[in-house]
Amino acid sequence: MESIWTKTCSIPKREPLRKDIKTEVAVIGAGMAGILIAYQLQKVGKQVVLLEADRIASGQTKNTTAKITSQHDLIYTNLIQTQGEEKARQYAMANEAAIAEYRRMIKEENIHCDFQETSAYVYSQDIEKLMQETNTAASLGIQASFLSHMAFPGGVSPALRFDGQAQFHPLKFIKTLAEKLEIYEKTPVRTVDEHVLHTPKATVTAEHIVFATHYPFINFPGLYFARMHQERSYVLALENASLAEGMFIGDGENAYSFRIYDKYLLFGGEGHRTGENRQGGKYDALRKKAKELFPQSLEAAHWSAQDCIPADGIPYIGQYASGKPYWYVATGFQKWGMTTSMVSAMIIRDIVCGKENPYAAVFAPQRFSAEAAGGIACESRQAVKTFAKRLFKLPEATAKELPVGHGGIVELDGDKIGVYKEENGTLHLVDIRCPHLGCQLEWNPDEKSWDCPCHGSRFDFHGRCITNPAQEDITLGEKDS
């Protein structure tokens with residue numbers, strides 16, 4: 001699976017770090033958040049080094065739908081109810097400022113990234129809910145309006161519109177910025193000891209350390225594993241599919257998103273919690289819906305994305321933990337990573353420089369609320385359920401009974417393990433315990449991967465780690481069936 005972005009842009013390789021170095025700021029992760037944080041800090045005179053475990057933008061950034069927007073579903077009415085008007089306004093204005101900062105940077109740096117200003121829409125049959133959100137968003141300073149009849153694929157619906165939003169090609173944008181930064185690829189950070197980052201071949205000593213790794217891989221302090229889960233969603237790039245100008249997303253479960261890039265319509269949906277797709281069929285369901293809405297369309301690409309969902313619906317941006325004033329974090333972006341990456345860059349830049357940021361309070365990682373407590377309790381129940389399944393539930397089949405081309409948890413030689421059976425009969429054996437915190441992994445037939453339903457780590461069928469917070473492989477080897 002390869003996204004439209006990786007099909008249409010390649011970024012030059014960088015060398016791994018091979019010697020010990022010192023710097024003012026070390027940023028872990030060279031996705032959109034890490035690149036923007038490093039750029040903003042370098043622009044104010046900081047010495048910055050970026051460390052990337054794989055390739056630049058090789059993680060979640062390459063799988064985005066690349067919307068730059070303050071419209072994050074129907075969020076603002078709920079924010080006022082749970083956080084108060086002041087913090088709801090901080091959230092709104094932070095994201096509006098992020099759009100403006102993209103616009104400024106692209107012009108100043110002369111970045112050719114297909115940047116296009118457009119409107120963003122949420123469609124729904126709940127007119128009262130849309131009107132309330134329209135009024136709330138407008139009261140917070142957003143250009144919001146209610147439309148009683150908006151044509152979109154599949155019919156006509158009421159909608160909420162935000163003007164002054166944008167979309168772009170994320171890898172073309174990053175490619176230009178990366179040229180200005182000191183970046184080491186294939187340099188995973190294994191551990192961090194106060195001011196020292198340990199990589200396979202060298203160390204980095206830094207005054208400030210920024211964790212921009214999508215999901216933080218250090219559990220203590222911070223406890224981010226107890227305050228977030230991860231979700232997957234799926235995207236088709238369709239040719240011969242028309243759509244009005246704008247970015248569209250439906251409200252509620254089983255809703256779909258649409259937006260145009262070049263000659264393609266990006267059609268997304270069928271989301272679920274990571275590790276909860278045992279039956280598969282997500283791409284097939286999306287393709288079936290695409291044919292219903294766009295009968296003449298042709299699939300040019302398909303890919304999936306993974307998003308960190310914070311307990312109270314607000315990203316964690318700022319100081320990593322109270323006892324680590326020189327560590328910073330940017331995570332929990334939900335489905336709005338492009339905009340929130342820029343919010344993170346502006347907030348962390350100001351904190352590192354000792355400058356007050358007008359939007360920082362609402363995103364502060366040390367916040368606590370009733371909504372957060374409820375979310376933490378839910379994540380704890382999920383972890384307990386998954387531990388119990390690993391310890392007490394017996395496998396439903398043996399390796400011999402597993403069909404070719406399929407994976408599953410089986411009994412083999414008296415042990416409970418994960419197996420994927422290739423067409424030639426070769427068995428790929430894996431440990432079903434996630435090395436992050438020990439939850440039982442589940443097979444994802446759509447992507448032939450082992451996924452963690454607790455915290456979202458993922459592994460390919462060979463057992464190689466492909467998504468954090470886990471950092472270790474789960475490979476047990478191969479065997480003939």
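The model is predicted, so local features need pLDDT of at least 70 and side-chain atom pairs count only at pLDDT 80 or more, while totals for chains, interfaces and linings use all residues. Residues are numbered from 1 along each chain as its sequence is written, and side-chain values use heavy atoms, with hydrogens and water left out.

**Helix α7**

Helices (H or I, at least four residues) and strands (E, at least two) are DSSP runs, numbered from the N terminus. Helix α7 holds twelve residues, 282-293. The expected span of a helix is 1.5 Å times one less than its number of residues. For α7 that should be 16 Å, and the end C-alpha atoms are 17 Å apart, which agrees.

Buried means under 20% relative accessible area, exposed means over 50%, and partly exposed lies in between (1.4 Å probe, protein chains only). The buried residues of α7 are K282, Y283, L286, A290 and L293. Seen down the axis, they fall within an arc of 95°, so they line one face of the helix. The arc is that of the directions from the helix axis to the C-beta atoms. An α-helix has 3.6 residues a turn, so residues three or four places apart point the same way.

What do the buried residues of α7 pack against? They meet β11 (228-239), β13 (257-261), β14 (264-273) and β15 (298-310), with contact meaning heavy atoms within 4.5 Å. The face turned away from the buried side carries the exposed residues D284, K288 and E292.

**Aromatic rings**

Rings of Phe, Tyr and Trp (its six-membered ring) pair if their centres lie within 6.5 Å; planes under 30 degrees apart count as stacked, over 60 as edge-to-face and the rest as tilted. By this rule the count comes to 24 aromatic pairs. Y76 and Y91 have ring centres 6.0 Å apart and planes at 70°, so this pair is edge-to-face. Y76 lies in helix α3 (residues 76-83) and Y91 in helix α4 (residues 85-108), so the pair ties together parts that are 15 residues apart in sequence. Both Y76 and Y91 are buried.

F267 and F294 are also edge-to-face, because their ring centres are 6.2 Å apart and their planes are at 75°. F267 is in strand β14 and F294 in the loop between α7 and β15, so the pair ties together parts that are 27 residues apart in sequence. F267 is buried at 0% relative accessible area, and F294 is buried at 7%.

One aromatic cluster is formed by F211, F217, Y224, Y316, Y320 and W327. The charged end of R227 sits over the ring of Y316, 4.6 Å from its centre. A charge sits over a ring if NZ of Lys or CZ of Arg is within 6 Å of the ring centre and within 35 degrees of the ring normal. K324 lies over the face of W327, at 4.8 Å from the ring centre.

**Salt bridges**

A salt bridge is a side-chain nitrogen of Lys or Arg within 4 Å of a carboxyl oxygen of Asp or Glu. The structure holds 29 salt bridges. Three of them are tabulated.

| Pair | N to O distance |
|---|---|
| R55 and E185 | 2.8 Å |
| R104 and E101 | 2.7 Å |
| E442 and R278 | 3.1 Å |

R55 is partly exposed at 22%, whereas E185 is buried at 1%. R104 and E101 are three residues apart in helix α4, about one helical turn.
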